[in-house]
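Here is my notebook from an afternoon of looking things up, starting with charged pairs and moving on to helices.

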Amino acid sequence: MQGVKIVEAGFCSRLQEQKFAVIGMGLMGGSYAKALRRLGVKNIAGADTDQTVLEEALAQGVIDEAHSGAGEWLAQADVVICCIYPKAITAFLQQAAPFLKRGALVTDVAGRKGSLPYEAQQLMPEGVEFISGHPMAGRQGSGLAMSQAEIFDGANYLVVPTKSNTPQAVAWLKNFALALGCAHVEEVAPERHDRIIAYTSNLPHAVAAALINSDRYSGQSCWFIGGGFRDVTRIADINAALWSDLFIENRANVLDELANFKAQIKTLQGLIADNDREGLQSFLHAAASHRKDIVL
């Protein structure tokens, strides 16, 4: 499906009057809060288990109120954005469900879907809708200090509905992504999301980590590094706890992509070993051409 291109008229002005609850004030939660503030949203509540992080977010003016977990304060929220680890979302929603008001919309940013959208929808009280999403807007590092509103600018945003979602909720999330600054919004089913993400997200992070860990010249390598190495390994500065969960929860798809990548490396090894210049040029030309096709 083609992505939505234009934000619905008046959408941003309506956002400004809504109350948002951002759950988890790390890299993504902090970035959502800052992007919402950039849009002129007047009422943003933040929740986190780390009191120091909440105090910093308040001091920066990123949020207007701080909470340590689910509670009655959620009854005022029009939109709840879950920016916590995928495995923690269901537990949080179980605690939050009794407080959510009718008409509220709940979404997430999880990089792996699996059964999460279906489980979350089962937990919603009558009149509350969960619509899953995934902003392709990460960056190296982690934590509130690394967050920024600009993280969404020009990014892709995946809207991941199930058959239980209403057209209104799907349209709202698409418009929200564009309002944040995203350049393209794509609608995709949860299962297909996980298959494709294994290639476009899980595999690059795995390769970057493996490349860094293969360093045989520690102590000297830093003096031989140029832009290419920096570009390829940027995402090796990784949130280990989060990415361990993402790899394991999407293991079947990740293992399949690692096997395919291994086959490509084996082909490359064979071409080099055979001194096959023509074959190497064909391999590299194909890569350059394909990158132009898929990296817009």
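**Entry 1: Glu65 and Lys19.** I began with Glu65, which makes a salt bridge with Lys19; their closest N and O atoms are 3.1 Å apart. For the record, I call it a salt bridge when a side-chain nitrogen of Lys or Arg is within 4 Å of a carboxyl oxygen of Asp or Glu. Glu65 belongs to strand S3 (residues 65–67) and Lys19 to strand S1 (residues 19–23), so this pair ties together parts that are 46 residues apart in sequence. Helices and strands here are DSSP runs numbered from the N terminus: helices are H or I with at least four residues, strands are E with at least two. I then looked up accessibility: Glu65 is partly exposed at 23%, whereas Lys19 is buried at 10%. My cut-offs for relative accessible area are under 20% for buried, over 50% for exposed and in between for partly exposed, with a 1.4 Å probe and protein chains only.

**Entry 2: what I am working with.** This is a predicted model, so I note that local features need pLDDT of at least 70 and side-chain atom pairs count only at pLDDT 80 or more, while totals for chains, interfaces and linings use all residues. Residues are numbered from 1 along each chain as its sequence is written, and side-chain values use heavy atoms, with hydrogens and water left out.

Entry 3: How many salt bridges does the structure hold? I find eleven. One of them joins Glu249 and Arg112, with the closest N and O atoms 3.9 Å apart. This pair links distant parts of the chain: Glu249 sits in helix H9 (residues 240–249), and Arg112 sits 137 residues away in the loop between strand S5 (105–108) and helix H5 (116–123). Glu249 is partly exposed at 32%, and Arg112 is partly exposed at 22%.

I also checked Glu187, which forms a salt bridge with Lys174 at 2.8 Å between the closest N and O atoms. Since Glu187 is in strand S9 (residues 184–187) and Lys174 in helix H6 (residues 167–180), the pair ties together parts that are 13 residues apart in sequence. Glu187 is partly exposed at 28%, but Lys174 is buried at 11%. Going back to Arg112, I see that salt bridges with shared partners join Arg112, Asp194 and Glu249 into one network.

**Entry 4: H10 against H11.** Next I took helix H10 (residues 251–273) and helix H11 (residues 277–294), which pack at an angle of about 150° with their axes 8 Å apart. H10 is therefore roughly antiparallel to H11. The axes are lines fitted to C-alpha atoms over the stretch in contact, and angles run from 0 to 180 degrees between N-to-C directions; roughly antiparallel means over 145 degrees.

Which residues of H10 meet H11? Gln264, Thr267, Leu268, Leu271 and Ile272 of H10 meet Gly279, Leu280 and Phe283 of H11, where contact means heavy atoms within 4.5 Å.

**Entry 5: the loop between them.** Asn275 lies in the loop between H10 and H11. Asn275 has a positive phi of about 55° although it is not a glycine, and at 67% relative accessibility Asn275 counts as exposed.

**Entry 6: Ile196.** Last, I looked up Ile196 in helix H7 (residues 190–213). Ile196 is partly exposed, at 38%.

Conventions. Angles under 35 degrees count as roughly parallel, over 145 as roughly antiparallel, 65 to 115 as roughly perpendicular and the rest as oblique.
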